[in-house]
Amino acid sequence: MQPILRMVLRWVRRPLQPAVLVWRRNIQVRVVATTLLMSMGVVLLLGVVVIGQVRNGLLEGKLSTARVQAQGGFANAEEKAEWEGRDRDSGRQPAPDDWHQQLLESLNSGSGSTGGVGGVQVIALPSGRDPGGLGRERAEETTPLGAPLVIGAVGSVEPASISEALRARVDRGEGMFQQYTKIRYRGGESQPGLVVGQRLDDVNGNPYQLYYLFPFTEEEKTVSLVKGTLATAGVFVVVLLGAIAWLVVRQVVTPVRMAAGIAERLAAGRLQERMKVTGEDDIARLGESFNKMAQNLQGKIQQLEELSRMQRRFVSDVSHELRTPLTTVRMAADVIHEGREQFDPITARSAELLLGQLDRFESLLADLLEISRFDAGAAALEAEPIDVRDVVRLVVDGAEPLAERKGSRIVVRGAGQPVIVEADARRVERVLRNLVVNAVEHGEGRDVVVRLGVAQGAVAVAVRDYGVGLKPGEATRVFNRFWRADPARARTTGGTGLGLSIAVEDARLHGGWLQAWGEPGGGSQFRLTLPRTAGEPLRGSPIPLEPEDSRAHRVARREAEDSAAASASDGERLASVPSQGRGAVMVPTTGLAPPAVDPTALPGAGTRVTEWEK
């Protein structure tokens with residue numbers, strides 16, 4: 001069910017992604033859309049209030065007019081019944097049988113209505129207090145209110161338009177009663193209206209119910225007209241507000257977008273870009289401030305570039321100028337070193353120290369020249385297909401004498417298959433030699449592990465030592481020029497402090513990575529990652545930067561093993577299930593095998609260590 005739900009959500013979300021992207025990136029769209037939504041809400045609320053007030057006003061006016069008109073009709077009916085009743089009692093003129101119909105026609109003509117659909121309707125119904133009807137012989141049973149007998153009507157109104165509740169109220173009370181209802185006509189038509197009724201006595205003195213029905217035809221037309229007007233005005237207002245918001249936001253957003261584009265071009269190195277300033281408002285002051293900032297930034301950057309060029313030129317010139325006297329001093333030192341056996345012991349030792357310091361000075365001079373080439377952008381990459389195993393073998397052979405003096409052992413892993421990469425063999429060798437020599441120097445006499453890996457279009461070489469390690473934050477500073485973890489530590493191999501700086505520049509020249517990891521007392525690992533094909537971007541490294549035998553990984557494995565052991569112990573206790581009358585039934589369980597190697601053991605510490613990968 002969950003995969004289907006995710007698929008449906010993905011299917012629904014896919015067409016909405018462009019709109020969501022525009023919403024997130026375009027502040028003008030967000031402001032205009034918010035303005036439109038809020039305007040629509042205000043217009044809708046205003047329309048509801050206005051229509052409600054108009055409807056209430058129309059209903060109140062209709063009720064007042066209807067009551068006045070109905071009251072006049074009821075008074076006329078009473079006068080007519082009274083006059084004709086006196087004539088009937090005196091015997092001058094008997095009451096006609098269709099007296100009620102004649103009454104309704106006279107009332108309807110007096111109201112000016114035609115009696116059609118939409119006009120005022122008049123209807124007479126029998127009263128529940130009249131046992132025998134209007135002018136008829138009295139019956140023993142009363143006429144039921146649920147089935148009204150129409151004794152007089154003008155127009156096509158149905159008697160069912162008068163509710164039983166209203167008829168009951170008219171029978172019980174004195175005076176007029178009104179009710180909002182739906183007026184039904186013959187033919188199935190209906191419309192809302194107002195019913196006003198009163199109980200009266202006819203010419204024979206029998207009670208009956210007289211009702212006026214006032215349809216809301218004109219009022220509905222008025223409300224519809226108001227609704228249409230408000231809807232049209234609301235649409236125009238919303239569109240107008242949206243256009244105003246668009247123009248206003250555009251005046252603010254356009255300079256901001258211009259500033260963002262110029263800032264991007266400044267970041268790309270086009271320092272001459274400036275904003276166009278017009279007017280004297282806040283946006284103009286922002287543009288002026290931005291241009292001043294760009295001008296000052298350009299001046300500072302040009303000043304720094306000039307200082308950097310002077311510094312690089314100075315280093316390059318000094319390095320080149322020192323080569324000639326250094327060659328002369330080197331020749332003299334070699335002559336003195338060859339004849340040291342003829343000197344006294346102090347002078348002979350001085351000759352040896354002089355030769356060693358000259359070697360270190362030559363290395364420093366060569367590193368300075370190489371750094372100056374990188375700074376000047378003159379370093380060239382001579383890439384060709386090489387087997388990294390051959391480079392690693394050459395580096396390991398060169399570092400073996402130093403490893404023997406330190407009591408360390410260099411272990412190479414992952415060299416069982418070819419590791420081909422397009423790279424500059426000289427530069428890769430220089431990087432790996434620097435990493436391996438540093439690992440031996442800081443390895444505290446323990447093993448140095450060199451691991452090779454190939455995967456996903458990348459080649460990686462990791463150099464792992466188990467020495468003093470790196471403190472937090474030193475993994476990034478270790479590549480700075482002339483940086484030393486311990487300034488008081490002596491350089492036994494004549495290091496210049498520029499080796500890792502040159503190494504990281506070599507890695508960048510290949511389009512690769514040179515990264516460091518370390519923990520205090522747990523050693524360090526340096527990883528060189530290069531693309532197998534020159535110029536291809538890197539997406540990952542086949543070797544993790546943090547090794548599997550790090551302190552954090554060992555703790556995690558120990559916790560996992562303890563948890564598994566605890567689960568196995570609980571399983572063994574639960575495996576013994578008492579059987580009714582048959583003792584205990586033992587269910588065999590599979591326990592966790594004990595680790596063959598102590599995970600806390602470090603290579604080179606005199607303890608057998610299992611290699612993590614071949």
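Valine 20 counts as partly exposed, at 44% relative accessibility. The model is predicted.

**Valine 20 and the nonpolar patch**

- Helix 1, residues 2-25, contains valine 20.
- Valine 20 belongs to a nonpolar surface patch, whose other members are Ile4, Met7, Val8, Trp11, Val12 and Leu16.
- Together the residues of this patch have about 700 Å² of accessible area.
- The label "partly exposed" applies to valine 20 because its 44% falls between the 20% and 50% cut-offs.

**Aspartate 424**

- The loop between strand 8 (420-423) and helix 9 (425-442) holds aspartate 424.
- Leaving aside residues up to four places away in sequence, aspartate 424 touches Ala380, Leu381, Glu382, Ala383 and His510.
- A polar atom of the aspartate 424 side chain lies 3.2 Å from the backbone nitrogen of glutamate 382.
- Alanine 380 is 44 residues from aspartate 424 in sequence, with a C-alpha to C-alpha separation of 9.5 Å.

**Glutamate 444**

- Glutamate 444 sits in the loop between helix 9 and strand 9 (448-455).
- The phi angle of glutamate 444 is positive, about 55 degrees, although the residue is not a glycine.

Key:
Residues are numbered from 1 along each chain as its sequence is written. This is a predicted model: local features need pLDDT of at least 70, side-chain atom pairs count only at pLDDT 80 or more; totals for chains, interfaces and linings use all residues. Side-chain values use heavy atoms; hydrogens and water are left out. Helices (H or I, at least four residues) and strands (E, at least two) are DSSP runs, numbered from the N terminus. Contact means heavy atoms within 4.5 Å. A polar contact is a pair of N or O atoms within 3.5 Å; within protein, one must be able to donate a hydrogen and the other to accept it, and residues adjacent in sequence count only if both atoms are side-chain atoms. Patches are made of residues with over 30% relative accessible area and no salt bridge: like charges are joined within 9 Å, nonpolar side chains (Val, Leu, Ile, Met, Phe, Trp, Tyr) within 5 Å. Accessible areas come from the Shrake-Rupley method with a 1.4 Å probe; for residues, only the protein chains shown count as cover. A salt bridge is a side-chain nitrogen of Lys or Arg within 4 Å of a carboxyl oxygen of Asp or Glu. Buried means under 20% relative accessible area, exposed over 50%, partly exposed in between (1.4 Å probe, protein chains only).
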